[in-house]
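Work through the exercises below with the sequence and the structure open side by side.

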Amino acid sequence: ALAERLEDTWKKLRGQGKISQSNIQDALQEVRRALLEADVNFQVVKSFVAEVEKNALGAEVISGVNPQQQFIKLVYDELVKVMGESNVPLAKAEKAPTVILMAGLQGTGKTTATAKLALYLQKQKRSCLMVATDVYRPAAIDQLMTLGEQIKIPVFQLGRDANPIEIARQGVVSAQEQGIDTVIIDTAGRLQIDQDMMGELSQIKSTVNPDEVLLVVDAMTGQEAANLTRTFHEEIGITGAILTKMDGDSRGGAALSVRTISGKPIKFIGVGEKVEALEPFYPDRMASRILNMGDIVSLVEKAQEELDIGDVEKMQRKMMEAKFDFNDFLKQMRLLKNMGSFAGVMKLIPGMNKIGAGALEKGESQLKITESIINSMTKAERENPELLAKSPSRRRRIAKGSGHQEKEVSRLISDFTRMRSMMQQMTTGGGFPGMPGMGG
Ligand code: GDP
Ligand code: MG
């Protein structure tokens, strides 16, 4: 069919009908850089990017979206998928109490997260008991007691002379006796991973048999998050993680490292020092943050959702047959306007050139002027733009009718004429002269 042949020609002209190794190199590099800047562990970056590239190669390019941008969207989707698609709620024991064991290095926010989690559960009408097993740091028990008073949640403790394993055991028994729903066991951390800490944690674990072992990871940990997770997961076995200090500069790449290394979900993020500053973890939000590419992703999504692909293809064919007239021009402008971000969207639309972009960057007001000028044209003039190029009197009439200056009418016509001649160059095999976003 003619339509198919034209479509094929179009693809050849673009040379980018499929995602190929050559047309995504820049995008690949951009993604790698974004992930490393977000502090994703470099080995995790390497395997992740290789996997996405492999899956992306040969994928059909959506009309109206360039391969680089589409590739980045693929990366985003994969990132969301790898991080678990949706939020994974806390486990709940069939028979109360549910036991949650907190693990992690010193200063990551375990004690704070213990209180945050207790408050979070309390808001869901689940009663909690917090257990203080950090007998090493002088003020650790007091810190949890103070937090407990603040949020009105009881703390179980046996002082600094007791054995942490014994404290944990008795804490759970106490919760059972009081009919408390959830026990959260705060533990001691060390500045570095050490065998004493691991030994103690795994003894607590085997004693209380927790429903959750949550690794608390500071989002600022960076590259080390991967090693840390590996060690904790191998030595103790975690069921999930809490990523703290996400209110800082960190882009949260540790989330991807933790998830990839352990295969366990991030369940919450800490977003401040206050006890209320805890949020469920959402993979899609984190993926946008990690890639720092929210704009591109949403543009591609918009192109997919809001652009009537059929319309675009029809227009592309018209361009190639050089039948593109003022009616099409107006339609295209309106389409773009509906999509919101003018300048950004321009890059996504093959066939829109700098002239159109220039007009559109001025945005709404320019579009109104263009619209009113085109509306003042007769049907014949819209369909045969040549009529206007030749006739000053027609231009004068349109200027008057639309309430704009004659020079604005002339400019629109010359813009349009130039755009058409560029389209003709394209169809006669010249490629895309100065097309934005076509990436070579
Ligand atoms: P622990 O040693 O693992 O028990 O860590 P702490 O709970 O004592 O927290 C160490 C420090 O990090 C404290 O100053 C906390 O206020 C702070 N902190 C904990 N979570 C967050 C968070 O999500 N955001 C910010 N900005 N600070 C946090
Ligand atoms: Mg602590």
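**Exercise 1.** How many residues surround ligand 1, and which are the closest?

*Solution.* Before counting, note that this is a predicted model, in which local features need pLDDT of at least 70 and side-chain atom pairs count only at pLDDT 80 or more, whereas totals for chains, interfaces and linings use all residues. Residues are numbered from 1 along each chain as its sequence is written, while chains are lettered from A and ligands numbered from 1 in the order in which they are written. With a residue taken as near when its C-beta atom, placed from the backbone, lies within 6 Å, ligand 1 is surrounded by 17 residues, and the closest are Gly-109, Lys-110, Thr-111, Thr-112 and Gly-270. Helix H5 (residues 110-123) supplies the largest share of this shell, 3 residues. Sorted by class (Ala, Val, Leu, Ile, Met, Phe, Trp, Tyr, Cys and Pro nonpolar; Asp, Glu, Lys and Arg charged; the others, Gly among them, polar), the shell holds 2 nonpolar, 11 polar and 4 charged residues.

**Exercise 2.** Describe how helix H4 packs against helix H11.

*Solution.* Helices here are DSSP runs of H or I with at least four residues, and strands are runs of E with at least two, numbered from the N terminus. Axes are lines fitted to C-alpha atoms, for helices over the stretch in contact, and angles run from 0 to 180 degrees between N-to-C directions. On that basis, H4 (residues 67-82) and H11 (residues 283-291) pack at about 130°, with axes 8 Å apart. The two helices are therefore oblique to each other, given that angles under 35 degrees count as roughly parallel, over 145 as roughly antiparallel, 65 to 115 as roughly perpendicular and the rest as oblique. Val-75, Tyr-76, Leu-79 and Val-80 of H4 make the contact with Pro-283, Asp-284, Ala-287, Ile-290 and Leu-291 of H11, where contact requires C-beta atoms, placed from the backbone, within 7 Å. By class, this contact has 8 nonpolar, no polar and 1 charged residues.

**Exercise 3.** In what order do the strands of the open sheet lie?

*Solution.* The sheet has 8 strands in the order E3-E2-E4-E1-E5-E6-E7-E8, with mixed pairing, and two strands pair if DSSP finds at least two bridges between them. Its edges are E3 (155-156) and E8 (278-280), each of which pairs on one side only. Strands E1 (residues 98-103) and E4 (residues 182-186) run parallel and are joined by 4 bridges, and Ile-100 stands opposite Ile-184 in E4.

Terms used
Contact = placed C-beta atoms within 7 Å.
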